Amino acid sequence: PQGIGSPSVYHAVIVIFLEFFAWGLLTAPTLVVLHETFPKHTFLMNGLIQGVKGLLSFLSAPLIGALSDVWGRKSFLLLTVFFTCAPIPLMKISPWWYFAVISVSGVFAVTFSVVFAYVADITQEHERSMAYGLVSATFAASLVTSPAIGAYLGRVYGDSLVVVLATAIALLDICFILVAVPESLPEKMRPASWGAPISWEQADPFASLKKVGQDSIVLLICITVFLSYLPEAGQYSSFFLYLRQIMGFSSESVAAFIAVLGILSIIAQTIVLSLLMRSIGNKNTILLGLGFQILQLAWYGFGSEPWMMWAAGAVAAMSSITFPAVSALVSRTADADQQGVVQGMITGIRGLCNGLGPALYGFIFYIFHVELNELPMPESPPGGSVVTQYHLQQNSIIPGPPFLFGACSVLLALLVALFIPEHTNLNVRSSNWKKHCGSHGHPHSPQAPGEAKEPLLQDTNV
């Protein structure tokens, strides 16, 4: 195969690291350009941009996955990385086109899906959880360092240099895929012709959601995931803008916040999660994670001082254990031939939340008139006067209304999760869809007639 060496997990790790390192550099410049481009209704426009991108990713992910099963992974790695990074140079050329291309790029912004398929091609089932963990840890590591580097370079040399550097790293990633990444999908698994048919069932983004109501336990799990991940997706899209523009954080403080939160989340999802799973059990770990998430969102919603944001960030790291614990619960309780079906449902719900959450948060900010009249410059005024100025301007008991709404949503998720049994057997009648889930996921994995289908869910606890 074309590339350097044989396909390995390290090829996938480098692709992910370079892509998200490039975007991490732009964290601080993006927040400034966003408000300069949309001085009125900043949070609403941010939510709409990220919401359109998330919905397009949700709609296109199954089709791109199915096409990569037919045409190979390398070409789709190249396609997704190229279109995901295409908006970067437009930040300084034309901010309006920058945000327009970001929203449209959601059609191809599914690099993780292709990377996970790449890893599945080249690993045995017992190795896959470790390999996926390495990929997700690399993603976190890239965001731990890059925002701080971007903020420093922007302050010393200007944002133009940061955009040029991010563009260069994105081009390096594309060149790495072209030159060094070998194709992982075996030739014998690909059809002889590129005209192989792709059925609507493979490309239907709602196929997995149609099976949700067929088992009461699956329904409870999916409702829990929806109610808890909807505010999380909205928070990811707007929280750093909120810190920068409302709480008066400097660019360096935002970068430091991301770094500390990333390091604490990695610790929580590895050491703390394993200790909790062994000591208090799977279901109680989920309930504990949801409890931390409620506390974190309520603290964000009522917090009016920077130190409160830092304290709530530490709690947020502990709340990151929820989804891995949900994944482990399903992988343990579902039959081997049901894993792919339930995995598709939960992935579909999270994809839907990635589109709905940002738009919902932006709309709530708009309803409660959390807006800015000018771009604050937290570095220049002494004594934190910017924070005082903007809190007086808002004159609101609740500085962050969407976060309080999110806390209520997670409280409902906690109540639903109480009814999930600790040990049960999930029974999702998937009929033709279940037979097809092999081709939808990893049809290339050789399988003996008597073997169970590979349990996908336990491998995607990112």
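Is Arg155 buried or exposed? In this predicted model, Arg155 is exposed, because its relative accessible area of 52% is over the 50% cut-off.

Arg155 takes part in a salt bridge with Glu252, and the closest N and O atoms of the pair are 2.5 Å apart. The count of salt bridges in the model comes to one. Arg155 belongs to helix α8, which covers residues 125–157, while Glu252 belongs to helix α12, so the pair ties together parts that are 97 residues apart in sequence. In general, side chains of opposite charge can pair when their charged atoms come close. Glu252, for its part, counts as partly exposed, with a relative accessibility of 26%.

Ser250 is placed in the loop between α11 (216–245) and α12, and its side chain is joined to that of Ser253 by a polar contact of 3.0 Å. Ser250 counts as buried, because its relative accessibility of 15% is under the 20% limit.

**A nonpolar patch on the surface**

Helix α12, which spans residues 251–279, also gives the most to a nonpolar patch, with six residues. The patch lies on the surface and is formed by Val260, Ile263, Leu264, Ile267, Ile271, Leu275 and Trp310, which together have about 580 Å² of accessible area. One of these residues, Val260, lies in helix α12 and is partly exposed, with a relative accessible area of 38%.

**The largest nonpolar core**

In soluble globular proteins, nonpolar side chains tend to be buried together. Here the largest nonpolar core has 109 residues, and the members that touch the most others are Ile221, Tyr242 and Met309. Helix α11 supplies the largest share of this core, namely 13 residues. Because domain 1 (1–184) and domain 2 (211–370 + 398–421) both give residues to the core, it lies between them.

**Residues brought together across the sequence**

Arg244 lies in helix α11 and counts as buried, at 4% relative accessibility. Although Arg244 and Ala28 are 216 residues apart in sequence, their C-alpha atoms are 8.6 Å apart in space. A second pair of this kind involves Trp71, which lies in helix α3 (residues 42–71) and counts as partly exposed, at 26% relative accessibility.

Lys74 lies in helix α4, which runs over residues 73–85. A polar atom of the Lys74 side chain lies 3.0 Å from the backbone oxygen of Val181, and Lys74 is buried, with a relative accessible area of 13%.

The table gathers the relative accessible areas of several residues discussed above.

| Residue | Relative accessible area | Class |
|---|---|---|
| Arg244 | 4% | buried |
| Lys74 | 13% | buried |
| Ser250 | 15% | buried |
| Trp71 | 26% | partly exposed |
| Glu252 | 26% | partly exposed |
| Val260 | 38% | partly exposed |
| Arg155 | 52% | exposed |

Conventions. Residues are numbered from 1 along each chain as its sequence is written. This is a predicted model: local features need pLDDT of at least 70, side-chain atom pairs count only at pLDDT 80 or more; totals for chains, interfaces and linings use all residues. Side-chain values use heavy atoms; hydrogens and water are left out. Patches are made of residues with over 30% relative accessible area and no salt bridge: like charges are joined within 9 Å, nonpolar side chains (Val, Leu, Ile, Met, Phe, Trp, Tyr) within 5 Å. Accessible areas come from the Shrake-Rupley method with a 1.4 Å probe; for residues, only the protein chains shown count as cover. A salt bridge is a side-chain nitrogen of Lys or Arg within 4 Å of a carboxyl oxygen of Asp or Glu. Helices (H or I, at least four residues) and strands (E, at least two) are DSSP runs, numbered from the N terminus. Buried means under 20% relative accessible area, exposed over 50%, partly exposed in between (1.4 Å probe, protein chains only). A polar contact is a pair of N or O atoms within 3.5 Å; within protein, one must be able to donate a hydrogen and the other to accept it, and residues adjacent in sequence count only if both atoms are side-chain atoms. A nonpolar core is a set of buried Ala, Val, Leu, Ile, Met, Phe, Trp, Tyr and Cys residues joined through side-chain atoms within 4.5 Å. Domain bounds come from an automatic or database domain assignment.
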